[in-house]
Amino acid sequence: MLSALSVGLGLYALAFGTGLAGRRLLAAVYLLSALAGATIAIAALRVLIAAGPAEVATLPLGLPWLGAHLRIDALSAFFLLVVNFAATLISVYGLEYGSHDAEPRRVLPFYPLFLIGMNLVLVADDAFAFLVSWETMSVASWLLVLATHRQDETRSAALLYLVMASLGTGALIFAFGILAGESGSYGFAAMRAAPITGGKAAVVFALALMGAGSKAGIVPLHVWLPPAHSAAPSHVSALMSGIMTKVALYGLVRILFDLTGPPPWWWGVVVLAVGAITALLGVLYAVMQHDLKRLLAYHTVENIGIVVIGLGFALAFRANRLDGLAALALVAALLHVFNHAMFKSLLFLGAGAVQVATSERDMERLGGLIRTMPRTAFTFLIGSVAISALPPFNGFVSEWLTFQAIIRGSELPQWLLKFEVPIVGAMLALAAALAAVCFVKVVGVVFLGRPRSPQAAEAREVGNTMVAPMAGFALVCTLVGVLPMILIDILRPVIALLLPGSGPALAGSSLLWLVPLGADRSSYSGLIVIAAVAILATVLVAAIHRFASNRLRRSPAWDCGFPDTRTETEYTAGSFAQPIRRVFGTTVFAARERVHMPAPGETHAASFEVTLKDPAWEGLYRPTATAVSFLADRLNVVQFQTIRRYLTLMFAALVALLLIVAVSQ
Amino acid sequence: MTTSLLDLVQLILVLALAPLLTGIVRKVKARLLGRRGPTLIQPYRDLLRLLRKEVVLAPSASWLFRVIPYTTFAAIWLAAAIVPTFTTGLMTSRIADLIALVALLGSARFGLALAGMDVGTSFGGIGSSREMMIASLAEPAMLMVTFTVALLVRSTSLPHISEFMLTHAVGIRISLLLGLISLAMVAIAENARIPVDNPATHLELTMVHEAMVLEYSGRHLALIEAASMVKLLLYLSLIVAMFLPWGMGIELPLGWAALGIGLGAYAAKLMVGAVLLGVFETAIAKMRVFRVAEFLGGAFLLGILAAIFLYVSEGL
Amino acid sequence: MPVLANLTYDTAHLLDAGMLVLSFALLYQRRLFGVLKIYAMQAVLLAAAAAWQAHAQDAPQLYITAATALVFKGAVIPIALHRIIVRLDIHRAIETALGIGPTLVVGVALVSLSILLVLPVTAASAALTRESLASALSIVLLGLLMMITRRNAVSQVVGFMSLENGLILAAVGVKGMPLVVELSIAFEVMVAFIIFGIFFFHIRERFDTLDVHDIERFRGERS
């Protein structure tokens, strides 16, 4: 595996070098990246199937007394598989999509650099290598977000991203610092050998959640995610939403499950609460959006919440030594990591295709694309059904497993957890249902109906190199949906690594039947369901066409006898979301709808205005920003001192430090 | 009788009984309103008439519009065949547990909502958006009912739930009563019955489900109407299987006597359920659309209370 | 057929839980007459619970509590309030300080709080007592919630009366509690005074005076 990894990273580096040359070698950059991704993905898959011991290596880079430790165990291998498989398909997509970039020099070199950073995070085995790779990943993605730097919203999105990423890395630095202080070394092997407990563990937990969580997008640290993901080019958005968030979750899993030792039960309480709030708020934000890419970015927040709920259950079950159930919850979480990477990438690539065909991102100006872009529409539809957690696709399988963990959550002994579990379950059910609402809106407004603007009417299907990756993702979504055990078998070594002694997860399952807890408790067979529906539908079509009628006639729409072919009468995205806005929006978002009617005699049109306030922004960020500005203004006085005052300050600082050293002797 | 033959019997049974059930509900409502009402087999006649008619399609309708009636009906029919009716021994009952069943119905509804948006008229949009709002509010309530029952039975597999209720000394439990009421409220919302939606309305602004399928005609409309009827039968069967399973055959292989008792008990319970639904629909008025959120919030609340009461009585 | 095992516990549990569900229904209502009907139903359930406890604990004085609850709270008070509302034309829609949805959410949180509080503290007692106490505390808290979230005087009084129902439930639930009958009659008298208080408040609002002599002057014109 290490050899394959080095080959892959070498290819990525070559792609980086090629990218510096510019648009002429665009195809080479993406092809090299795709090749690199395929190499690493296949090697990772073989590692998981073989389920052997971890491979370790040390490189003489970085800090002189530390070097750079690399380690590929089952967890790294799984995430390497996810990252590189998606990266391969997205790179193929980039062959045609990248040619539409206005400034390719701003994208081409940093795309492979981004992938290098992500891969190195996954194999880093000491804090230094981890943090350097993490920062590489952040900076490369930040530069990619700035690819469209001439637009105002991109610049503000990039600034916000930079601030949040810095805060996150700062939190991680402190977390690793505490872990290193406890174990005496920056290497992960030493940290594993010295489990941490008590107050220090709580601080590490909070810092890890803040650091990795802000990169993953948990509420309230998610505010950078939607602007950044929608400003970046679509294939980069797919990488950021589908893949980078997963790398962040890898960091969280590595710290909480591997480096800190056995967790106390209250970690489960906090993580479950955070996950549930993230899932529900993420999807509520998403329902209110009408920009296609922002909507998809908010759905990333929701799905991260779902994964975090699974992780919370794993922590809670593990703390109570219910290892079999912890394994189930962890399988659900990791399966959802894979599934989300697949369908989120698919959806962002579809959004990119729509943007290329129509130059529009606003759903209110699209429509009817199913006729002009049939293949994109079909794959996007599969992605939408998958993300709405509906059978027979893969999103349903991981959510079903999460629900099984919720049902068994009543066995947790602590009363706080007992009461929290059904609430979390209800919030998850609501979030899943609202996701379906949102994607009916997206598919209905963007692809169905009639075109709402000339650009939408004149769209044309994109080329094969853009459709093929989308079809690839759609195929994987379907396969994992009907035969999930293939992937769950691959996950077994990961579970054995993180939860030693838990036994094989989902022991009663076979290729056709998913039996997580025992045949008399619950069972599901995706293949039989889809086969049965297909057979019944085919029989119906044949029988009805043969025995009843198969005549068909085209005629203007009924529309209750008031046909109006103007496209303004079509339902818009805002109208579709209005019932949800009415029920939830008034409390969560302080949603207000106002109609401005012209006075009699005025000639301008009436207008309808909806205002929404982001609770995280109003409640947390705006006061914090105000406080920081206030402090900065007060401290500004330090700028305008005389030289003597400055010398006094330095003298005072020196004396204070000497005092501290003297007192602590 | 072998189990695969029993599966086939159930598949045909649910399809055959569904229009009769709708006929009974309509007859009861008509009688209570002082009318004679249509005959009990009128829904069969309606379906046959629609099947033989030509489909009239709007120019903006896509292939999705034509495919969805078949897939939706197939999904709902399969779901109805999964719920145990006269016996717990079917193989089809194991291909999806309660949560997967609800999700399968969600898939069917996703398809119908897309069909509502397909033609691009405002009525389709209003129907789809309201239907999806009601469905999303019913999900937490349904999950609470599932959670409560699973807390007691330790399973979400429907045949196991029915068997548990039949063989164990469950006693009179308030949690089950609250769960039953909550499930009934969810069933009313999902089947678009009064007080949530009026299945017989002609006023577009009061429509939810009807507005969504306004553009369908001919054999497509027949399939969608049949799907609604089968969905009503499905929810009645679900309530019966989860809370009132007496008479179901649980020993396999199923003898002829047990089969007869099972079928008879099931048919009788369905008839009673249909009559009660008709009476209930006549007795109360339809709610304003945004009061439905409070109605389903009430169902959710009852579900939570049921779980809390179970926690209390199990924790003592 | 399910065997009716443990009938005593199950029936008591059923009645207690029924009263709790009706407390929630009181919070859900938007119409004043609906509130009165639900209060009457809660009083009937209280009477049934008291009668069942009389049977289970073998304490015949609780039958008197049951009878007074049934007659006084199940019939007399609701009918009296009904007539007051009609006669004095009191505003019949209920305005809430907090929306109905959030109020119900707070209610569920209060019930969870009561359970989390009562169950561990009473670990040494019988199951029936513990569970009655948890339900009773919940009903008291929900009654208080109703009092503080309603702007209408009559609904606030009904909240107070349902709180009192909860207290009586707690009293009958504990085996061997002395002076239960005296306690319940004392409560009835207090409630009667409160109702008189509303009556007088609204008369004074209407006629600007409580002087019976002045009010009698109107009698000829009104009839």
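The model is predicted; local features need pLDDT of at least 70, side-chain atom pairs count only at pLDDT 80 or more, and totals for chains, interfaces and linings use all residues. Residues are numbered from 1 along each chain as its sequence is written, and chains are lettered from A and ligands numbered from 1 in the order in which they are written. The model scores ipTM 0.94 and pTM 0.90.

**Chain A overall**

- Chain A has 24 helices and five strands, where helices (H or I, at least four residues) and strands (E, at least two) are DSSP runs numbered from the N terminus.
- The radius of gyration of chain A is 26 Å, which agrees with the value near 26 Å for a compact globule of 665 residues; this radius is taken over C-alpha atoms, and the globule rule is 2.2 Å times the number of residues to the power 0.38.
- The C-alpha trace of chain A spans about 95 × 70 × 60 Å along its principal axes.
- Of the 665 residues in chain A, 56% count as buried, meaning that 20 or more other C-beta atoms, placed from the backbone, lie within 10 Å of the residue's own.

**Contacts between chains A and B**

- In chain A, 67 residues are in contact with 70 residues of chain B; contact requires C-beta atoms, placed from the backbone, within 7 Å.
- Elements giving two or more residues to this side of chain A include helix H16 (394-408), helix H21 (526-547) and helix H22 (573-588).
- H17(A) gives the largest share, 14 residues.
- This side of chain A divides into 42 nonpolar, 14 polar and eleven charged residues. Ala, Val, Leu, Ile, Met, Phe, Trp, Tyr, Cys and Pro count as nonpolar, Asp, Glu, Lys and Arg as charged, and the others, Gly among them, as polar.
- S3(A) pairs with strand S1 (residues 55-57) of chain B in the parallel sense over three bridges; pairing requires at least two DSSP bridges.
- B:Val55 in S1(B) is the bridge partner of A:Leu552.

**A:Leu499**

- A:Leu499 lies in the loop between helix H20 (485-498) and H21 of chain A.
- A:Leu499 is buried because 20 other C-beta atoms lie within 10 Å.
- Leaving aside residues up to four places away in sequence, A:Leu499 touches A:Arg318, A:Asp323, A:Ala326, A:Ala327 and A:Leu330.

**Confidence in chain C**

- Chain C averages a pLDDT of 82, and 90% of the residues score at least 70; pLDDT is the predictor's confidence in each residue, from 0 to 100.
- Within chain C, confidence is lowest in helix H9 (residues 219-222), at a mean of 54, and highest in helix H2 (residues 32-57), at 91.

Note on methods:
Two residues are in contact if their C-beta atoms, placed from the backbone, lie within 7 Å. A residue is buried if 20 or more other C-beta atoms lie within 10 Å of its own, exposed if 12 or fewer, and partly exposed in between; C-beta atoms are placed from the backbone.
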